Amino acid sequence: MRLAAGINFDASGIAQSINAMQMDMDIMGIFGENVVGFDKVGYQRKEAVISSFAEFIGPNALSHSVDEQVGRLAMTQKPLDIALSDKGYFQVLNQDGSIELTRDGRFQIDKDGNLLTQANQKVLSSGGAPIVLPYIPESLDKIKIGLDGKIGVFDEEKRGLIPAGTIGIVSTDGSLINSNCVRQGYVESSNVALEKEYIEMANYRRSFEANRQMFRMQNSKLSSAISRLGQV
């Protein structure tokens, strides 16, 4: 900014301090989301991505990417708990017809034999159709899911598996992945390491405090200049 009486004051320093503080707060918000998601099944941590010229465009330079590293697998021995031991996502159908990707494989079946998520979304096959079991067995242990995602019900009388399709595993762009990564009787915990999140968050807290002190110092000098100009 420019003051009267021939006194020039460059306010870009104040603007940059404000932008830097806002950036630090937004980044700490991403780490906070990761901490909250630590106990969520299938949660994938977010990583802050800062583009060039962040000192000029401020928080608009911040975005995030998803860490696709596989989380910890825990055995549950529940037939409808499914985890992926490699990168990829389950496809589920929302009630509005949209498709969502998830790594939360805690499934259930309804009275019609539809394979559903905990939120009652229909699980899709590799062909894009909802997976429906041929019938509901007396024991869920009769439901068998192979490493390749093929699912069916074991028939005692026929001594064989009645197929119900193949669970579709896709990448982030929706293309099918042919990988023997399906693990029946397991769930995947988040891939968040709390100690890493807290250490990174502490770094940005220190950065925020440094920028706050710089802002206060610059603001004090500006107020002093305006005050002296008023006296003149």
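Contact here means heavy atoms within 4.5 Å of each other. Keep that in mind as you click around.

Before you start, know that this is a predicted model, where local features need pLDDT of at least 70 and side-chain atom pairs count only at pLDDT 80 or more, while totals for chains, interfaces and linings use all residues. Residues are numbered from 1 along each chain as its sequence is written, and side-chain values use heavy atoms, with hydrogens and water left out.

**Stop 1: isoleucine 82.** Select Ile82 and show what surrounds it. Leaving aside residues up to four places away in sequence, Ile82 touches Phe90, Gly105, Phe107, Ile145, Ile167, Val182, Arg183 and Tyr186.

**Stop 2: a sheet.** Strands here are DSSP runs of E with at least two residues, and helices are runs of H or I with at least four, numbered from the N terminus. Two strands pair if DSSP finds at least two bridges between them. Select β10, β11 and β12: they form an open sheet in that order, with antiparallel pairing. β10 (143-145) and β12 (160-166) stand at the edges with a single partner strand each, so one side of each has no neighbour in the sheet. Look at β11 (residues 150-155) next, which is joined to antiparallel β12 by 6 bridges. Zoom in on valine 153, and you'll find isoleucine 162 of β12 opposite.

**Stop 3: threonine 76.** Is Thr76 buried, partly exposed or exposed? Thr76 is partly exposed, at 27% relative accessible area. You'll find Thr76 in the loop between β3 (73-75) and β4 (82-84). Beyond residues up to four places away in sequence, Thr76 touches Asp81, Gly185, Tyr186 and Val187. The C-alpha atoms of Thr76 and Val187 are 7.0 Å apart, although 111 residues separate the two along the chain.

**Last stop: zoom out.** The whole protein has 3 helices and 15 strands. Its C-alpha trace spans about 100 × 35 × 30 Å along the principal axes. Of the 232 residues, 34% count as buried.

Note on methods
Buried < 20%, exposed > 50% of the residue type's maximum accessible area, 1.4 Å probe, protein only.
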